[in-house]
Amino acid sequence: MDDAARTTHESRGARPPGRGPLRARSRAVWSVVAVGGLTLATASPTWVSTTVSTALEPTVDVAVTGTTAAPAVGAAALVVVAGGVALAIAGRVARWVALVVVALAGALAPASAEAVLLDPLPAATSGASATAGVTDLTSPVAVAVWPWLTAVLGVAAVLVAALAAAGAPAWGAASGRHERADAEPGADGTDPRTGPAPSGDDPDGPGQHDPHDAWDALSRGTDPSADR
């Protein structure tokens with residue numbers, strides 16, 4: 001193939017160049033889903049713990065999970081996972097919408113975790129009320145490491161969305177194969193999937209004969225394949 005033909009071939013089938021480590025759609029999908037799943041996992045353990053005293057028990061342990069202390073974290077993580085799944089089938093426009101949603105949800109997770117880290121008392125008081133029916137804490141509020149991990153993973157989700165956006169131009173169109181299969185007939189009435197339609201004079205196609213005609217020809221003593 002000479003240089004001119006090679007250039008023409010490449011210009012017809014080449015995709016816009018992507019950048020970064022997520023130039024493959026599958027890698028971007030799994031990265032987004034993994035970050036969202038890990039973020040959701042960090043919201044399940046206990047974030048805040050303390051103790052209260054009641055009339056029946058002098059010490060009651062209070063443990064508040066991340067989904068209770070910061071409900072927005074669980075919702076944001078689920079949105080990130082859903083956005084990653086959507087990337088697997090998204091078209092050229094929908095992929096950008098999905099990436100924007102992933103980035104926004106990723107930013108929401110560390111913001112919610114930071115609110116608990118800066119002031120864990122409201123979450124502890126709410127947890128004490130739900131656990132023992134009292135709000136007077138009898139020990140300092142302890143904050144676990146999980147909110148910090150949530151914040152890190154939220155930032156990672158934003159970074160992954162940015163890297164996926166840089167590599168997205170190299171992704172192929174997920175629905176292009178189906179669009180070609182469903183192409184409309186051409187201007188000359190031909191179907192691009194099956195080729196030109198048989199002529200009206202020979203509805204069964206060239207070289208095809210009606211079995212009834214062949215039987216009648218044999219009955220007359222003639223060879224039905226003589227005119228093929």
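Residues are numbered from 1 along each chain as its sequence is written, and side-chain values use heavy atoms, with hydrogens and water left out. In this predicted model, local features need pLDDT of at least 70 and side-chain atom pairs count only at pLDDT 80 or more, whereas totals for chains, interfaces and linings use all residues.

**Exercise 1. The chain as a whole**

State how many helices and strands the chain has, and in what order its elements run.

Solution. Helices (H or I, at least four residues) and strands (E, at least two) are DSSP runs, numbered from the N terminus. The chain has 9 helices and 3 strands. From the N terminus on, the order is α-α-β-β-α-α-α-α-β-α-α-α. Of the 228 residues, 29% count as buried, where buried means under 20% relative accessible area, exposed over 50%, and partly exposed in between (1.4 Å probe, protein chains only). Contact means heavy atoms within 4.5 Å. Among contacts between residues at least 6 apart in sequence, 71% join residues at least 24 apart.

**Exercise 2. Helix H6**

Determine the span of helix H6 and where its buried residues lie around the axis.

Solution. Step one is the span: H6 covers residues 121-132, 12 residues in number, and reaches 16 Å from its first C-alpha to its last, close to the 16 Å expected at 1.5 Å a residue. The expected span is 1.5 Å times one less than the number of residues.

Step two lists the buried residues, which are Ala 123, Ala 124, Gly 127 and Ala 128. Seen down the axis of H6, these fall within an arc of 135°, so they line one face of the helix. The arc is that of the directions from the helix axis to the C-beta atoms. An α-helix has 3.6 residues a turn, so residues three or four places apart point the same way.

Step three identifies the cover: strand S1 (46-52), strand S2 (60-65) and helix H3 (66-69) are among the elements over the buried residues of H6. After H6 comes Gly 133, with a positive phi near 80°.

**Exercise 3. The pair H2 and H4**

Describe how helix H2 packs on helix H4.

Solution. Two packed helices are described by the angle between their axes and the distance between the axes. Axes are lines fitted to C-alpha atoms, for helices over the stretch in contact, and angles run from 0 to 180 degrees between N-to-C directions. H2 (residues 25-42) and H4 (residues 71-87) pack at about 165°, with axes 8 Å apart. The two helices are therefore roughly antiparallel, given that angles under 35 degrees count as roughly parallel, over 145 as roughly antiparallel, 65 to 115 as roughly perpendicular and the rest as oblique. Residues making the contact include Val 29, Val 33 and Gly 37 of H2 and Val 73, Ala 77 and Gly 84 of H4.
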